[in-house]
Amino acid sequence: MKFSEQTEARLARLIESRPPGHLRSALVPMLLFIQDEVGAITPEVVEEVCQRLGVSRRDVEEVVSYYSMLRRKPAGRYHIQICTNISCMLVGGAELFEHACRKLGIGHHGVTEDGMFSLEEVECIGACCWGPAMQVNYDYHHHVTPEVFDRLIEQLRDNGGKARER
Ligand code: FES
């Protein structure tokens, strides 16, 4: 498998930064970088990572099945993660998630028909003081009300023709 120039450069830096004999430690970031480009961890991706890192398919499959941020199916162009853990829940995180489900017409792990948005209810994302918190791809959003959510969705829809932002 060949990736974009940018992704190949990231993968090369990742491998170069590992001490000899410790390539395995590049497994999670390598999967994330590739997922950013491909959209999901496909069987072809698993095979490619095995070859590049000299690890077994079982090693890769174990990691993919453990980490929820690694996906077998493609997410939307904008992957929305809303925290409903305790701190966010106390300030409206669960209501925000329900609002997002209604607004987008999808549920947990759903993808809109146009492939623009996917939605996930997640545990703490480390922004407990600024809840309700959510993440869109790698960007954090704090104190998100339903109104703020709706405005953001409209902005992202307007931005829809641009390249995948991850
Ligand atoms: S509980 Fe929501 S970010 Fe920590």
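Visitor: Among contacts in the chain between residues at least 6 apart in sequence, what percentage join residues at least 24 apart?

Guide: Two residues are in contact if their C-beta atoms, placed from the backbone, lie within 7 Å. Among contacts in this chain between residues at least 6 apart in sequence, 61% join residues at least 24 apart. Please remember that this is a predicted model, where local features need pLDDT of at least 70 and side-chain atom pairs count only at pLDDT 80 or more, while totals for chains, interfaces and linings use all residues. Residues are numbered from 1 along each chain as its sequence is written.

Visitor: Which elements does the chain contain, and in what order do they run?

Guide: Helices (H or I, at least four residues) and strands (E, at least two) are DSSP runs, numbered from the N terminus. This chain has 7 helices and 4 strands. Starting at the N terminus, the order is α-α-α-α-β-α-α-β-β-β-α.

Visitor: Where are the domains?

Guide: Domain bounds come from an automatic or database domain assignment. Here that assignment gives domain 1 (5-66) and domain 2 (78-158). Their C-alpha centres lie 28 Å apart.

Visitor: How do I read the sheet: what is the order of its strands?

Guide: Strands of a sheet pair through backbone hydrogen bonds, either parallel or antiparallel. Two strands count as paired if DSSP finds at least two bridges between them. In this model, an open sheet of 4 strands has the order E2-E1-E3-E4, with mixed pairing. Strand E2 (117-122) and strand E4 (139-141) are the edges, each pairing on one side only. From one strand to the next, the twist averages 20 degrees.

Visitor: In which sense do E1 and E2 pair?

Guide: Strand E1 (residues 78-83) pairs with E2 in the parallel sense, over 6 bridges. Then find Ile82, which has Glu121 as its bridge partner in E2.

Visitor: Which helix lies across these two strands?

Guide: Helix H6 (residues 93-104) lies across E1 and E2, and runs at about 150 degrees to E1. For such angles, axes are lines fitted to C-alpha atoms, for helices over the stretch in contact, and angles run from 0 to 180 degrees between N-to-C directions.

Visitor: Is E2 buried or exposed?

Guide: A residue is buried if 20 or more other C-beta atoms lie within 10 Å of its own, exposed if 12 or fewer, and partly exposed in between. In E2, 5 of the 6 residues are buried, so this strand is largely enclosed by the rest of the structure. Helix H1, by contrast, is hardly covered, with 1 buried residue among its 12. Asp139, found in strand E4, is exposed, with 11 other C-beta atoms within 10 Å.

Visitor: Which residues of the largest nonpolar core touch the most other members?

Guide: In soluble globular proteins, nonpolar side chains tend to be buried together. A nonpolar core is a set of buried Ala, Val, Leu, Ile, Met, Phe, Trp, Tyr and Cys residues joined through C-beta atoms within 7 Å. Of the 15 residues in the largest one here, Ile80, Ile82, Cys83, Leu96, Ala100 and Met134 touch the most other members. E1, H6 and E2 each supply at least two residues of this core, and E1 gives the most, with 4 residues. There is also a second, separate core of 13 residues, including Ala26, Leu31, Val49 and Val60.
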